[in-house]
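Please read the points with the sequence and the model side by side.

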Amino acid sequence: MAGLAAACVAVSSVRAAAPAPKFGFGPTQTVAEVSWDGWLDEVGVADVTGDGVADIVGVKFFDGDPSATRPLVILAGNGKGGFKNVSSQVFVGAVPRTQHARRLIFADFNGDGRLDFFIADHGNDNPPFDGFANTLVLSAPGGKLVDASANLPRAADYTHSAAVGDVNGDGAIDIFAGNLWEGWDGGTVVPPEILLNDGSGHFRVLADALPPDLTVDALHYDGSALVDVSGDGRPDLVLAGSPSTPDRLFLNDGGGHFQELAGALPPKPFGPDAEGLDVAPIDLNRDGHTDLLMALTKNNPFYGGRWIQVLVNNGDGTFRDETQTRLPQSDNLLDWPYALRVGDLDRDGKPDLAVATAGGSPALYLNRGDGTFAPLHLARPPYATLDLADVNRDGRLDIVSALAGNQGGTDTYAVNLQNAPAKAKPHPKPKCVKRRHHRCRS
């Protein structure tokens with residue numbers, strides 16, 4: 001029949017693919033509860049068991065008893081966002097104990113390719129401020145950990161901050177111990193120090209590494225960072241000052257000895273009452289020069305208020321304050337900022353910011369792409385104590401947070417997993433309508 005075309009007509013049912021969800025995080029999901037005494041102070045997330053999966057380390061404190069100590073908490077990740085308390089199984093020997101853990105830092109100190117960690121511990125935070133031994137945990141064979149605190153040079157000091165970097169260019173990660181001089185109360189008189197690593201995780205004090213006024217005076221610097229701000233490949237030392245003490249920057253001579261670059265840092269917000277607490281490197285304007293974020297609070301009222309100062313590198317190691325245009329803020333009495341966490345949350349290649357706080361909720365900020373920040377509000381925000389890490393191995397940073405229980409109560413560890421984009425649905429196979437006397441060919 002001439003009127004019948006010897007052909008197949010393909011008919012497709014067109015369906016619109018479901019739109020991918022906008023960037024964001026899921027609800028706060030409890031992943032572990034740990035019933036140990038003492039207050040939870042800080043959480044850090046890193047692969048400390050060497051299996052390629054992020055783990056959680058929690059550190060504790062309690063200032064009511066000057067002789068009391070608290071064990072570390074190690075939660076092993078399963079790569080799917082779940083965690084298991086392995087604190088009593090992962091250590092070769094006894095679980096290390098802290099008195100007042102102030103700062104937790106991860107680095108490969110013994111050169112075996114696995115992350116170790118250092119805990120700055122200043123001891124009981126009451127007169128006479130006798131200090132306490134810092135803690136060093138090194139990796140051991142079989143995914144184990146070992147308390148290597150005996151590899152540090154001193155039994156007790158008042159280490160309020162810490163920073164790590166290869167200060168003398170020998171390939172080993174060294175430590176800046178931000179000790180506070182507490183001699184006027186009859187306490188420790190150990191000054192800030194550079195601790196040189198021999199490459200195996202054994203440390204010694206580098207003599208004359210710091211200027212004399214840092215080692216003999218009673219100036220307080222409560223936050224610190226080792227970061228190359230001059231562009232010569234050597235980590236320099238940035239110190240965040242306590243009230244009436246300006247922030248300072250010291251350039252590294254390449255051998256681990258530091259000299260001040262006068263006037264490098266602009267004045268602090270909150271005036272002479274400002275208390276610097278943390279320093280974080282960041283490249284805001286993508287010019288290859290390291291910029292800085294400084295976390296501050298007030299001394300009056302004591303540790304009341306929060307300010308994140310944004311300092312942009314002029315290209316020569318000096319900085320200008322661009323807080324007003326990049327992260328505008330106003331005077332406040334918000335919960336004080338405990339730590340700054342920088343990471344690319346939305347995978348746009350630009351650094352974003354999370355601020356762990358001492359209570360309430362943390363502050364989250366997305367980089368608009370030009371180095372300015374917009375607040376990120378979550379319907380169910382994480383807890384105030386937090387860190388950022390990819391805990392389910394999907395290539396996206398998640399939020400790990402913790403809520404401290406009351407003294408002797410239960411600490412709650414939780415995750416907010418980042419939303420994954422919806423998978424594109426495959427196009428449906430074309431349908432074929434068969435004409436009379438003709439075979440349908442698809």
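1. A residue is called buried when its relative accessible area is under 20%, exposed when that area is over 50%, and partly exposed in between, with a 1.4 Å probe and protein chains only. The model is a predicted one, in which local features need pLDDT of at least 70 and side-chain atom pairs count only at pLDDT 80 or more, while totals for chains, interfaces and linings use all residues. Residues are numbered from 1 along each chain as its sequence is written, and side-chain values use heavy atoms, with hydrogens and water left out.

2. In S15 (residues 193-197) five of the five residues are buried, so the strand is largely enclosed by the rest of the structure. Glu-193, Leu-195 and Asn-197 point one way from the strand, whereas Ile-194 and Leu-196 point the other way, and all are buried. In a regular strand the side chains alternate between the two faces of the sheet.

3. S15 belongs to an open sheet of four strands, in the order S13-S14-S15-S16 and with antiparallel pairing; two strands pair if DSSP finds at least two bridges between them. Strand S13 (159-165) and S16 stand at the edges with a single partner strand each, so one side of each is left without a neighbour in the sheet. From one strand to the next the twist averages 25°, the axes being lines fitted to C-alpha atoms (for helices over the stretch in contact) and the angles running from 0 to 180 degrees between N-to-C directions.

4. The pairings can be followed across this sheet. S13 and strand S14 (residues 174-179) are joined antiparallel over six bridges, and Ala-162 stands opposite Ala-177 in S14. S14 and S15 pair in the antiparallel sense over three bridges, with Phe-176 opposite Ile-194 in S15. S15 and S16 likewise pair in the antiparallel sense over three bridges, and Leu-195 has Val-205 in S16 as its bridge partner. The hairpin of S15 and S16 has five residues between the strands, and in this hairpin Gly-199 takes a positive phi near 100°.

5. How many aromatic pairs does the structure hold? There are eight, counted where rings of Phe, Tyr and Trp (its six-membered ring) have centres within 6.5 Å, with planes under 30 degrees apart taken as stacked, over 60 as edge-to-face and the rest as tilted. One of them, formed by Phe-109 and Phe-203, is edge-to-face, at 5.7 Å centre to centre and 75° between the planes. This pair links distant parts of the chain, 94 residues apart, with Phe-109 in the loop between strand S9 (101-107) and strand S10 (116-121) and Phe-203 in strand S16 (residues 203-205). Both Phe-109 and Phe-203 are buried.

6. The rings of Tyr-303 and Trp-336 have centres 4.9 Å apart and planes at 85°, so this pair too is edge-to-face. Tyr-303 and Trp-336 are both buried, and together with Phe-302 and Tyr-338 they form one aromatic cluster. The charged end of Arg-103 sits over the ring of Tyr-338, 4.9 Å from its centre, a description used if NZ of Lys or CZ of Arg is within 6 Å of the ring centre and within 35 degrees of the ring normal.

7. The largest nonpolar core has 18 residues, of which Val-45, Ile-56, Leu-75, Phe-83, Val-391, Tyr-413 and Val-415 touch the most other members; such a core is a set of buried Ala, Val, Leu, Ile, Met, Phe, Trp, Tyr and Cys residues joined through side-chain atoms within 4.5 Å. A second, separate core of 17 residues includes Ala-225, Val-227, Leu-249 and Met-294.

8. Some backbone details deserve a look in the model. The peptide bond from Pro-127 to Pro-128 is cis, with omega near 10°, and another cis peptide bond joins Asn-300 and Pro-301, where omega is about 0°. Asp-208, a residue other than glycine, has a positive phi near 60°, and Asp-208 is exposed, with a relative accessible area of 70%. Arg-286 is not a glycine either, yet has a positive phi of about 55°, and Arg-286 is exposed at a relative accessible area of 55%.

Methods:
Helices (H or I, at least four residues) and strands (E, at least two) are DSSP runs, numbered from the N terminus.
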